[in-house]
Amino acid sequence: APRGASAARAMTRGPLDARAATTMARATRTRGDGARGTSEGARGTRATAVPGRATRGATRECATRAKAKGEETYPQLRVAAPGRVVAIGDLHGDIGQARRALRMAGVLDDEDDAGNPRWVGGDTTLVQLGDILDRGDDEIGILILLQKLDKEAQKQGGRVYVMNGNHEVLNVSGDFRYVSRGAFGESTRFSQHLVKLFGDKFRDAFGVDEEDAWARQSKARIGLFSPGGPLAQQLSMHHTVLIVNDTVFAHGGLVPRHVEFGLDKLNRAVTDWMRGKEIKDDETRQALGMAIGGVRDSIVWHRAYGTEKFATDEDRSTSCELLGKTLGMIDGVSRLVVGHTPQLGGANCECNGQIWRIDVGMSFGVLGAEPQVLEIDGDEVRVLSSSSVREKTKA
């Protein structure tokens with residue numbers, strides 16, 4: 001999402017609690033033997049940040065415990081939702097706006113405790129379109145909030161799925177140009193909690209003993225988000241592409257060559273890279289280029305469908321034709337939902353409802369716009385806003 005205006009943030013601050021740190025750390029998944037990933041040319045990103053041996057050893061321990069419990073190894077491409085599906089666009093570190101959107105979606109209790117959020121969505125399936133990171137101060141807080149909600153949702157037959165956007169890719173690649181001062185501080189606090197929980201295994205990798213504050217914060221960020229680091233492994237279990245019932249979700253967009261190559265293979269390639277698995281084969285490198293590379297039609301950077309107002313009818317026709325061809329190649333899918341490009345007029349659809357654009361720039365690090373949520377309930381698709389929720393309450 002573009003830079004946008006900076007403004008005061010209505011977000012929580014203060015150290016993350018130890019239970020949350022433990023939950024996040026233990027959610028890491030198995031990684032490969034190599035520590036170095038590849039950026040595949042993601043628009044100037046630099047995958048130079050590699051976690052130290054202490055980080056790799058500690059995360060491997062966490063991953064071993066996770067694997068022993070029989071948890072999924074890779075994100076599942078297709079899932080079935082028993083109830084309604086709600087989708088939320090880019091959040092960019094604004095936990096206050098994130099909570100507003102979650103309440104608007106009807107999945108977060110209005111009186112939720114910040115430390116113990118309560119899922120009230122029943123069998124609702126929630127999809128967050130990525131770009132949780134950058135431009136705001138409470139990125140890890142949002143990750144933990146969504147993780148806790150997913151745990152509670154599963155008790156009621158619901159689920160929470162989170163996508164990877166281009167800003168997740170930037171951070172795993174070691175490109176921190178859009179990270180706010182507050183987010184660096186949050187990374188430092190979170191890394192200090194991991195050190196308290198796991199001891200010296202993390203100490204050097206997270207720069208705990210660095211005297212210079214900036215060096216300490218930078219090293220903490222690198223240790224957390226480098227391929228194979230604790231938060232990179234958490235992100236590795238997020239989707240690049242997700243199909244829920246008859247709707248496909250992607251941060252930027254999809255084109256025919258993505259489908260031809262294999263959407264599941266694209267998901268798996270990003271997962272392997274984020275885990276820190278050494279990428280040696282050409283097929284995986286090609287997959288990474290299509291999923292997260294800097295080319296215009298890579299999944300997380302694609303903007304062709306995000307144009308809020310096409311310049312000409314011909315441009316609209318060309319874009320809709322490409323979209324129709326893409327959707328026609330995916331069995332049982334009738335629409336694509338994307339984030340990535342802020343819509344100044346709010347969430348909207350085009351191409352006879354085949355594309356829905358739901359990044360409204362709600363973070364105060366972007367536009368500070370009113371949150372909106374997409375709701376898919378059977379064959380009915382609509383945008384939820386503060387006014388529509390008020391009207392529903394009155395009725």
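Aspartate 131 is found in the loop between β3 (125-128) and α4. In this predicted model, Aspartate 131 has a positive phi of about 55°, although it is not a glycine. Most residues other than glycine have a negative phi. Aspartate 131 is also buried, and its relative accessible area is 0%.

A second residue may be set beside it. Asparagine 352 likewise has a positive phi of about 55° without being a glycine, and it lies in the loop between β8 and β9. Is Asparagine 352 buried or exposed? With a relative accessible area of 84%, Asparagine 352 is exposed, whereas Aspartate 131 is buried.

The chain has 395 residues, of which 60% count as buried. It exposes about 16000 Å², and carbon and sulfur atoms supply 47% of that area.

Six strands form an open sheet with mixed pairing, in the order β1-β5-β6-β7-β9-β8. The strands at its edges are β1 (78-79) and β8 (348-350); each has a single partner strand, so one side of each is left without a neighbour in the sheet. Within the sheet, β6 (residues 247-250) and β7 (residues 335-338) pair in the parallel sense over 3 bridges. Threonine 247 stands opposite arginine 335 in β7. In general, strands of a sheet pair through backbone hydrogen bonds, either parallel or antiparallel.

Which helix lies across β6, β7, β8 and β9 (355-357)? This is helix α12 (residues 313-328), which runs at about 110° to β7.

In soluble globular proteins, nonpolar side chains tend to be buried together. The largest nonpolar core here has 97 residues, and the members that touch the most others are Leu102, Phe249, Leu254, Leu263 and Leu336. Helix α4 (residues 139-155) contributes the largest share of this core, 8 residues.

Leaving aside residues up to four places away in sequence, leucine 336 touches Val248, Ala250, Gly253, Leu254, Tyr305, Leu323, Leu327, Gln354, Ile355 and Trp356. Strand β7 spans residues 335-338 and pairs with β6, and helix α12 lies across both strands.

Definitions and conventions: Residues are numbered from 1 along each chain as its sequence is written. This is a predicted model: local features need pLDDT of at least 70, side-chain atom pairs count only at pLDDT 80 or more; totals for chains, interfaces and linings use all residues. Side-chain values use heavy atoms; hydrogens and water are left out. A nonpolar core is a set of buried Ala, Val, Leu, Ile, Met, Phe, Trp, Tyr and Cys residues joined through side-chain atoms within 4.5 Å. Buried means under 20% relative accessible area, exposed over 50%, partly exposed in between (1.4 Å probe, protein chains only). Helices (H or I, at least four residues) and strands (E, at least two) are DSSP runs, numbered from the N terminus. Contact means heavy atoms within 4.5 Å. Accessible areas come from the Shrake-Rupley method with a 1.4 Å probe; for residues, only the protein chains shown count as cover. Two strands pair if DSSP finds at least two bridges between them. Axes are lines fitted to C-alpha atoms, for helices over the stretch in contact, and angles run from 0 to 180 degrees between N-to-C directions.
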